[in-house]
Structure formats: C-alpha cells, structure tokens
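Here is a briefing for someone opening this structure for the first time. Please keep the sequence and the 3D view at hand while reading.

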Amino acid sequence: ESRRRPRVNNERVSPVGLVLGSVMPPELIAPTARLAEELGFGELWYSEDCFFSGGASGVTAALAATERMPVELGIVSAVTRHPAINAMEFATIARMFPDRFTPGIGLGVPAWLDQMGLGQRYALTAVRECVASIRRLLDGEELTETGKVFSFDQVKLTHAPAGYVPIVTGMVNEKGLRMSGEIADGTVLSVLASPAYTAWACDQIKAGATAVARESDHRVTTFTL
C-alpha cells in the first residue's frame, strides 16, 4: 500500500476519485470536496485550466475542507511559473497537510501557452528540468545551475517539507510517457484515454523506468468523463 494511499479505519480506500475542474467557481470547491469525502471517494483531483481558478489555491481549499482525503493537483504547466515558485507553493501545501498532497506537472495546453506568448521549444526538456528541480528543492537541496530552460542562483526553500512529496506528470505521447517512467512517481492520463491506450501507456511508462533502473510505486491515474 503506497504511503500516499493510507488506510482509513483499517479499510482499503476506494480507488475511485473525483476530479474538480478549475472551471468550477471557487466558492463551490470547499463544499464539493466535503461532499466527496462524505460519499466515500478515495481521492480528489484538481485540474488547473488556465484563466479559470488557480490550482494551488483550489487544492488548498479542498484540503482545508476535508479531514483525510488525499488531494492531488493534476496538472500545472511547467512553463507558466518558475519551478522555484512551484516548489515553494508545493512545500507550503505539503507542510500544512502532510501526506495528503501530490502535485502534478506537465507542459500545458498549447493554445493557452500561445495566449501568453510562451514558446514551446524544448517542451519535454522543460518538463524534465522542472520536475527534477522541484524534486531537489522539496528534498531540501540548494540549487545553483543553468539549464536549457530554467536557471537557479542559490535557490533553497526555507520551509521544505518534512517528508517525501511524490510528483506526478501529465503526459500523452511515447517520449513523454517514457520520460514520466524515468522521473516521476506517477502519471496522469487524459479523459480521452481508452482501455487500449491506457495499456499501451503503461507499457511506455514501464519501459522508461526500466531504462534507468528506477524502482518505484509508479501509479497511473486516468481521468474519465
């Protein structure tokens, strides 16, 4: 049993969760999260859709409104905020709600990135560098380095989490899925994932993990309509 899937009253937590899209008005997040927990859903996901409701604030509201349900952020873009800022937000949430929060990173919807003038060069590199740097910052490291996409100069979190915070990625194609197997603790698939695609995606994730001899409890989550 994964540490981020705790047992409640010695009973197995339901593998079925509920997704709250950020198209939901902010004032409905807390009451909906409370209802989801009361109805027995095993986890809550909050998806950040640009220009609706914020992911970090939405997740925090859901966590504050519930007592035990894991709440996961799936996903935020790797390029709309610097990884140091994402790491700071994630650490804050993880410290307030230990063992209940999992952040997710992806590139983001191309159309929304275009609206903000954010280029898509080095797309997978941006996600790889973002996940790697957030992982290290959450683990308490100080970063001074220059990558292809992101740079750091003596960046260290003052309030790093006490425990391990898992990071998942949102990926769809072969290269991205294999990279997720290499670097992440889990993968989030979209609402368009069929059973056949999900099986194929799991094979790609496993191949990526095998290529770097990564042994972890990699969890695959599929959003469904």
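The notes below go through salt bridges, a loop residue, a surface patch and a pocket.

This is a predicted model, in which local features need pLDDT of at least 70 and side-chain atom pairs count only at pLDDT 80 or more, while totals for chains, interfaces and linings use all residues. Residues are numbered from 1 along each chain as its sequence is written, and side-chain values use heavy atoms, with hydrogens and water left out. Helices (H or I, at least four residues) and strands (E, at least two) are DSSP runs, numbered from the N terminus.

**Salt bridges**

- With a salt bridge taken as a side-chain nitrogen of Lys or Arg within 4 Å of a carboxyl oxygen of Asp or Glu, the count comes to 10 salt bridges.
- One of them joins the side chains of Arg128 and Glu182, with an N to O distance of 3.2 Å. Because Arg128 belongs to helix α5 (residues 123–138) and Glu182 to helix α6 (residues 174–183), this pair ties together parts that are 54 residues apart in sequence.
- On the scale used here, buried means under 20% relative accessible area, exposed over 50%, and partly exposed in between (1.4 Å probe, protein chains only). Arg128 is partly exposed at 34%, and Glu182 is also partly exposed, at 24%.
- Another salt bridge is formed by Asp185 and Arg135, whose closest N and O atoms are 3.9 Å apart. Asp185 lies in the loop between α6 and β8 (186–189) whereas Arg135 lies in helix α5, so this pair links parts that are 50 residues apart in sequence.
- Asp185 counts as buried, with a relative accessibility of 7%, and Arg135 counts as buried at 15%.
- Glu141 and Arg136 form a salt bridge as well, their closest N and O atoms being 3.0 Å apart. Salt bridges that share partners join Arg135, Asp139, Asp185 and Arg214 into one network.

**The loop between β1 and α1**

- Ser22 is placed in the loop between β1 (18–21) and α1 (29–38), where Ser22 counts as buried at 1% relative accessibility.
- When neighbours within four places in sequence are left aside, Ser22 is in contact (heavy atoms within 4.5 Å) with Tyr46, Ser47, Glu48, Asp49, Phe52 and Ser53.
- Leu28 lies in the loop between β1 and α1 too, but Leu28 counts as partly exposed, at 40% relative accessibility.
- The C-alpha atoms of Leu28 and Arg135 are separated by 31 Å, and these two residues are 107 residues apart along the chain.

**The largest pocket**

- A pocket is, on a 1 Å grid over the protein atoms alone, an open set of points where a 1.4 Å probe fits, with protein on both sides within 12 Å along at least five of seven lines; lining residues have an atom within 4 Å of a point.
- The largest pocket has a volume of about 1,200 Å³, a volume being the space filled by probe spheres set on the grid points, which are joined across faces, edges and corners.
- Its lining is made of 46 residues, of which Gly74, Val188, Leu189, Ser190 and Phe223 lie nearest the centre of the pocket.
- At least two residues of this lining are supplied by each of β1, β2 (44–47), β3 (71–77), α4 (110–115), α5, β8 and β9 (219–222).
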